[in-house]
Amino acid sequence: MPSEVLGLAAALAALVWGAAALDARLGASPQSRLVGGGVARPWREAARLLVQQRRRTLLPDVLLTRIGVLTLLLAPVLAATVLPLGGAPVADLDVGVVWFNAMEVCVWAALWLIGWGANSVYPLIGAYRYVAQGLAYELPHMFALITVAVGAGSLRMTDIVQAQHGLWYAVRMPVAFLVYLVSALAMAFWGPMGQPLGRDLAGGVPAELSGADRLLFLAGRYAVLVVVAAAAVPLFLGGGAGPLLPAWAWTLVKTVAVLVLLVVARHRLPAVRMDRFMGFSWLVLIPLTLAQLLVVGIVVLP
Amino acid sequence: MSVAFWALAVLAVAAGVTVFVVDSMARATFALLASLLAVGGTFLLIDLRYLGVLIVLMMVMEMMIMAVFMIMYMMNPAGLMPMKMVHNNRVAAIIAGTVFVLLAAGTLFTPWPAAKERPGGDPTHALGLSIMGPKMLVMMVIGVAILATMISTVVLATHKGRYDR
């Protein structure tokens, strides 16, 4: 058990740094790329934030802000405890999929609390944008997760991995996989779905965060991104299954592949307007995922 | 087990009381959420893991939507100034007291059926069979009612008509 906890913590920390470094590298100007700019930036940024003094707004709700920042980091870590990293997960819950979903929904509360707590207009607008985004992505996302659970006949992550021995669910239920990837972007408020932190809002939700609070916020945000990428592996990409390499190595390779895809998407895709996405999500994605669920349901019907 | 139960029970009641003590709508919402999460925790204690985790999932989402609505409807929209969470105290106290006495009397005097056998097997599975079997009518009616409520709330809340994008 302790070795699994340590392994999970180390993997999360390494992937969070890796995602931040790749993101900085892709976002760096060509000049700074020549001198190796980007890769060291997460460390420099962390050091800068650690010594930075806290800025305060007028009449902030400090308690709610702190709860929000801690939740943003804790929720993805707790969600990751049900993910099998090759061997058994830290907590092999029989309702692992529901647990994962519950923990990722806590990100809604975290972001709203941070946006509210600062008593400042831009963070608040960003927070409401995220809640609206949540209402748009959550139902298709849940249907995608339910489709996987129906396909495997179990809510336990390890059973879902077992059920994909013949064929990955990414192939067997492609619509659910694509919807999962879209909702992963939305959940991590990343790239095209990054409007809660939009430039038009002067940075949005974390606009007033500074120092250690901001460092925790950024770590939490990357942790959410890493965990939603990592969850795609047991859910859709066959977990640790693969030739030659051991299971943990395949899990890592697949996780990194999904993570790179998500990080690159940020630098390649345009921003999505949230009201448009809401309509698209409810009118197109929900019926599509329901149809996918129906197909899978008919196929697995005994 | 009973220590955990009492801790969760005290937390649920204390957080419930906090809802009426704090002076901000946001804090009241999240105090209510804390109370409901403690209730979800008690479900985990009796091994109803699916229901317990589902309560956590649904309550977090529900309270976020509640927060939006409560703040939208209150007199002090931004919540910048402290506000009182209780109004019309005497009538409220009478109603609350009556309801409490009724519910408490109900729990104490109802002849609860004794369990004939130990529940066996997977409770999640049993729940699914029950929802899809004898309780299906109730669940379908509730499901459609909730969906209709959601759609009508959205229609009432939106400025635009369905063709205006």
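How many salt bridges are there between chain B and chain A? The count is 2, where a salt bridge is a side-chain nitrogen of Lys or Arg within 4 Å of a carboxyl oxygen of Asp or Glu. Here are some notes to read alongside the model.

1. **What you are looking at.** This is a predicted model, in which local features need pLDDT of at least 70 and side-chain atom pairs count only at pLDDT 80 or more, while totals for chains, interfaces and linings use all residues. Residues are numbered from 1 along each chain as its sequence is written, chains are lettered from A and ligands numbered from 1 in the order in which they are written, and side-chain values use heavy atoms, with hydrogens and water left out.

2. **Confidence in chain B.** The predictor's confidence in each residue is called pLDDT and runs from 0 to 100. For chain B its mean is 85, and 91% of the residues reach 70 or more. Helix α4 (residues 89-109) of chain B has the highest confidence, at 93, and helix α5 (residues 123-132) of chain B the lowest, at a mean of 85. Helices here are DSSP runs (H or I, at least four residues), numbered from the N terminus. A friendly reminder: where pLDDT is low, the predicted coordinates should not be read in detail.

3. **Where chain B meets chain A.** Contact means heavy atoms within 4.5 Å, and by that rule 25 residues of chain B touch 29 residues of chain A. The two chains bury about 2,300 Å² between them, with carbon and sulfur atoms giving 80%. Buried area is the accessible area (1.4 Å probe) that two parts lose on being put together, summed over both. On the chain B side, B:R27, B:L57 and B:M64 lose the most area to chain A, together 22% of what that side buries.

4. The elements of chain B that give two or more residues to the side touching chain A are α2 (25-45) and α3 (49-73). The largest share, 13 residues, comes from α3(B). That side of chain B divides into 17 nonpolar, 3 polar and 5 charged residues; Ala, Val, Leu, Ile, Met, Phe, Trp, Tyr, Cys and Pro count as nonpolar, Asp, Glu, Lys and Arg as charged, and the others, Gly among them, as polar.

5. **Two domains within chain B.** The domain assignment gives domain 1 (1-79) and domain 2 (122-165), with bounds that come from an automatic or database assignment. Their C-alpha centres lie 22 Å apart. In chain B, 5 residues of domain 1 are in contact with 4 residues of domain 2. These domains bury about 330 Å² between them, 88% of it from carbon and sulfur atoms. Within domain 1, B:Y50, B:L51 and B:F69 lose the most area to domain 2, together 72% of what that side buries. The count of salt bridges between these domains of chain B is 0.

6. **A look at chain A.** The whole structure holds 12 salt bridges over all chains. One of them joins the side chains of A:R266 and A:D23 (2.6 Å, N to O). This pair links distant parts of the chain, 243 residues apart: A:R266 is in helix α11 (residues 247-268) of chain A and A:D23 in helix α1 (residues 2-27) of chain A.
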